[in-house]
Amino acid sequence: LIILAHMPFYFTDESESGDLIDLYYKIKQFKPDVMIGGHIPQDYCRVVDDCVICKGGFSGKSLPHCQLTYDTESKKVVDRKCEVIDVIHSDFEGDKTVDEFVKKVTSKYDYYFDEVLGVAKEEIDMRLSRESHLGNFICDAVKEITKADFVYFNCTSCGYSLAKGDITRFTISEAMGFNDNLQIGSYSGKDIYDLFSEVMMPERFGNNGNIMFAGVNVVIDNTKKYPNKVVSLTKEDGTM
């Protein structure tokens with residue numbers, strides 16, 4: 001029994017926690033063999049009781065490898081092993097036939113994706129827990145193209161950084177790999193306040209991180225309890 005669920009979870013040396021772990025204990029009587037989670041940037045793989053619980057890296061940068069030994073006579077899984085394979089930094093030799101096929105299909109578009117759009121004088125990084133350069137860059141770009149007064153975006157939908165040097169369409173696609181439509185609407189000040197209040201709810205923040213935004217200044221006081229963490233919300237010119 002394999003459960004595929006886009007649900008977050010966390011491992012420490014001593015414990016397991018999160019939505020996927022809660023689900024495991026709710027369905028434990030059905031004896032799931034593997035549960036695959038998601039929504040979090042970390043890579044995890046561990047046998048909990050008699051179930052392999054794992055999650056791999058974004059865009060195949062790492063892979064959880066699960067090995068189940070099945071006894072055909074007893075018709076039961078008798079052994080479970082798992083590990084996280086670091087695809088990017090491991091010494092894998094690619095399949096030349098696959099490499100040639102990929103090159104044949106994609107090479108006609110190299111001129112488009114290799115075009116230099118700008119130059120980054122330093123690394124433009126993304127942070128899930130706080131404001132970051134890449135978050136500001138993406139939201140400012142969306143604000144410019146939509147002419148909106150306020151823009152917000154999900155941090156977990158973006159890559160880790162843009163490296164120092166040439167910025168091409170390919171590097172932009174690595175930082176923002178989704179092709180979703182931009183949604184434009186009307187929001188009141190209370191709507192925006194409520195949005196940040198909900199994001200700062202400890203349980204929600206722990207699973208999703210912050211949001212990227214442009215067009216407003218927000219002051220958060222994490223010493224206060226939810227829903228009173230947002231202490232100031234103003235426009236860019238300082239007005240309410």
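Nine aromatic pairs are counted in this predicted model, where rings of Phe, Tyr and Trp (its six-membered ring) pair if their centres lie within 6.5 Å. Planes under 30 degrees apart count as stacked, over 60 as edge-to-face and the rest as tilted. The model is predicted, so local features need pLDDT of at least 70 and side-chain atom pairs count only at pLDDT 80 or more, while totals for chains, interfaces and linings use all residues. Residues are numbered from 1 along each chain as its sequence is written, and side-chain values use heavy atoms, with hydrogens and water left out.

**Aromatic rings**
- Tyr 24 and Tyr 25 form an edge-to-face pair, 5.0 Å centre to centre with 65° between the planes.
- Tyr 24 is buried at 4% relative accessible area, and Tyr 25 is partly exposed at 43% (buried is under 20%, exposed over 50%, partly exposed in between, with a 1.4 Å probe and protein chains only).
- Phe 150 and Tyr 152 are stacked because their ring centres are 5.8 Å apart and their planes are at 25°.
- Ring pairs link Phe 150, Tyr 152, Tyr 187, Phe 196 and Phe 213 into a cluster.

**Nonpolar cores**
- The largest nonpolar core has 16 residues, and among those touching the most other members are Ile 124, Cys 158 and Met 212.
- Such a core is a set of buried Ala, Val, Leu, Ile, Met, Phe, Trp, Tyr and Cys residues joined through side-chain atoms within 4.5 Å.
- A second, separate core of 14 residues includes Leu 20, Tyr 44, Cys 51 and Ile 53.
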